[in-house]
Structures are given as structure tokens and as C-alpha cells.
Amino acid sequence: MNQLSRSQQIPFIDVGAQRQRLGKSLDAAVSRVFAHCQFINGPEVMQLEAELAAFSGAKHVVTCSSGTDALLMVLMAKGVRPGDAVLCPSFTFSATGEAVALTGATPVFVDVDETTFNMDAASLERAIATARQLGLDPKAVIPVDLFGQSADHDAIAAVAEGEGLFVLDDAAQGFGASYKGRRLGTFGLATATSFFPAKPLGCFGDGGAIFTDDAELAATLRSIRVHGQGSDKYDNVRLGLTARLDTVQAAILIEKLKIFEDEIAARKEVADRYARGLGNVVTVPRLAGGCSSIWAQYTIRLPEGRDRDGFAAALKAQGIPTAIYYPKSMHQQTAYREFPVADGGLAVSERLSSDVISLPMHAYLDEETQDQIIAAVRGAVST
Ligand SMILES: Cc1ncc(COP(=O)(O)O)c(C=O)c1O
């Protein structure tokens, strides 16, 4: 078998290349925190929140400990509880539905669109009806901007408004993308994102943020992230969490945000080049009208009947990693099997789970390496 050394392996996401680019500025940012020692809620946390608000256009940004906590905190702040239903796509990372289940409410799974992989508004309507038939009280919908492409926020908002639901956008993969010219962070009641290291805007550990224009919600979220603290530190006024973003991570994110626009442009170039090189041999991602993508993942679909494991093995033998997001949709996973799904089923989610595969994607993927990947994909599908 063809044995490859570590140096011949192409990284799936090259966190190291970005680290090298930022070099001393990151070291200096972290050193400043080590000097002032305000490790919790230090000045960098407030600075980052202001800069994220300016970047996204949202009025309030509340940073927190992870993307999962960002989702959970909004649901807690809105009093979502047992007996409530929250509609979310099944073809997503498990945290989307997990946050719902953690409140005691019932996630009701919705199918996605075959082209964009994002929530299908018609399936959403069916899922709301399913929830009501089951005696649940539909409270919220969580669209996901999957793989970096913004969901169809107007279509989701129209259904949500008609049904009296609030919208919590899960932009853990999509922060940096826009919809009809407006950055994510400004749709629905609130938006949650993740700063997990592999995300387009990632820190060096766990982190997340919530974006909202609602001042009252922002104040409640600030209380929830510190145990439900009130104006008197030792009189907690609600149940909360320990869900703050570390000052060190905020300092790192401030530096990364400075080059984020540049990285967004670089990611787009990589995606455009993949589309040109692969568009006639596999199904490449397509953007819906008005949507942009931050290209958190570059996810293709193989021609019908093509063995996905064999394809992945052929690329691996050439030092090219691939990943499958997600081999099981949420409703197919052990912990979520008992939760309801939209009437009519989730055929698209199930199909996607069986045929998608993601290629290396990051802002530092040079043309030579990309050509190697394109050639390997073309070779693997034609044999
Ligand atoms: C769609 C989606 N939602 C939520 C999360 C949770 O984010 P975190 O890992 O920061 O908790 C992720 C993380 O991968 C995600 O992809």
C-alpha cells in the first residue's frame, strides 16, 4: 500500500497556516491578558462584542462558552420548556437539536432542500402541524446555515410569523455569510454562532456568541451566562449557567477578526475553483439566489451508485483527507430516534446522509494543492 509520511498529508482545515500568518500579533494579544490578569470578563471580551456587533450589524452581541450554549441560552431566556416544540432540521450537527432537548422541550425534525441542504419551508409547515397533532406547543424554529450557506431566511420568517414562532438562527457554520446583502447575525430574534477552532472564525478552544437586536433578551442572556445573576451578585434571579467566553479567547478572536474579511474572500476563491474543476464530474454545492456562503465545508455529492467509502479510501491513499458531515441525520441517531419528524418524512436528509462527502477547505489552500485534490477526485470518480 502507498504509505505517506505526515508531511505529505494535506490538512483538512489548516489552523496552523493561519497561526503562522498571525504570528506575533497573537502572542502579543495573549501576553496582554497574562499581564492584566482579568481572565474572566476582561476588557477584550467587551471589545470583541463591540467589534462583532459592528461586523454583523446586530445591535447586541453576548459572547459565551460555545455554540451549543449560545443556542441553549436563547431557549432558556425565552422560557422554552417541556411541552413546547422547537422545529429544527435533521440534517445538521447534533448540537442544534440537543440544545432543544436539554430544555425539556421536544425537537421536531424538519427536512432540508435537496440543493442547498438547508431547511425546507414546506417541510417546516408540515412539522408545525405534526407538533400540534401531538399536543405540543410550537414555540420556535432553528434554521441552520449549513456548511456556511445562509438559509432561506425570508421563507422561514414568513412561516414563523404566520405561526407565532420566534426564529433562532444557528449560524455556527455560517457566521460571515450573508443573505440578500445582510450579514448573518441580523435575522430572526437571535443568532447563535460557534468559535470552535475549526470554524471559519475560530478561537483556540471553545467559544460562541449570540447576536440580537432585542435589548431585553441581551440583558437576560448576560444574566444567564453568569448563573442567572441579578443586579446583586449574590441574589440570582433565574437559573443560569457558567457560560462565559474566556478573556484569552476574546483576545485571540480580536486578532482573527482583523483578517476575517480577507479569509472570506480567499475561501470564496477556493470554492469557485473547486466548482470549475469538479462541476462536470460530481454535484458541487450550489448557492440559492440571495445567499452567500462562508464555505465552512465544501461538500459534494457523488454520482449515483458511486461507493463513498471507496472514494474516500482512494483519496486517502493520495494523502487527501475527506469527512462525512453527517453520516446519520439527527432523527437516525440513537439519542434522537424517539423525537417526532415532519409529516411526510425526511427523505432528503436521509439521502444526503448517504451520499455527501466534504473536501479539504480553508483560506490557505494553495492552487497547487487544490489541483492535486481536483485531479484525485476526478480520477476517483472515473475509475
Ligand atoms: C450547526 C452547528 N450548531 C451548533 C454547533 C455547536 O457549536 P460548539 O461546538 O461551539 O458547541 C456546531 C458545531 O459544530 C454546529 O456545526
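In helix α9, the residues Phe260, Glu263, Ile264, Arg267, Val270, Ala271, Arg273, Tyr274, Gly277 and Leu278 are buried, where buried means under 20% relative accessible area, exposed means over 50%, and partly exposed lies in between, for a 1.4 Å probe and protein chains only. Helices (H or I, at least four residues) and strands (E, at least two) are DSSP runs, numbered from the N terminus. The model is a predicted one, in which local features need pLDDT of at least 70 and side-chain atom pairs count only at pLDDT 80 or more, while totals for chains, interfaces and linings use all residues. Residues are numbered from 1 along each chain as its sequence is written, and side-chain values use heavy atoms, with hydrogens and water left out.

In the loop between α9 (260-278) and β10 (298-301) we find Trp295, whose phi is positive, near 55 degrees, although Trp295 is a residue other than glycine. Trp295 counts as buried because its relative accessibility is 8%. Lys180, in the loop between β6 (178-179) and β7 (182-183), also is not a glycine and has a positive phi of about 50 degrees, but Lys180 counts as exposed because its relative accessibility is 52%.

We can turn next to the interior. In soluble globular proteins, nonpolar side chains tend to be buried together. A nonpolar core is a set of buried Ala, Val, Leu, Ile, Met, Phe, Trp, Tyr and Cys residues joined through side-chain atoms within 4.5 Å. The largest such core has 49 residues, among which Leu75, Leu87, Leu124, Val141 and Leu168 touch the most other members, and helix α3 (residues 67-77) provides its largest share, six residues. A second, separate core of 27 residues includes Leu52, Ala171, Leu253 and Ile294.

One further local feature concerns the backbone: a cis peptide bond, with omega about 10 degrees, joins Tyr325 and Tyr326, and Tyr326 lies in the loop between α10 (308-316) and α11 (347-355).
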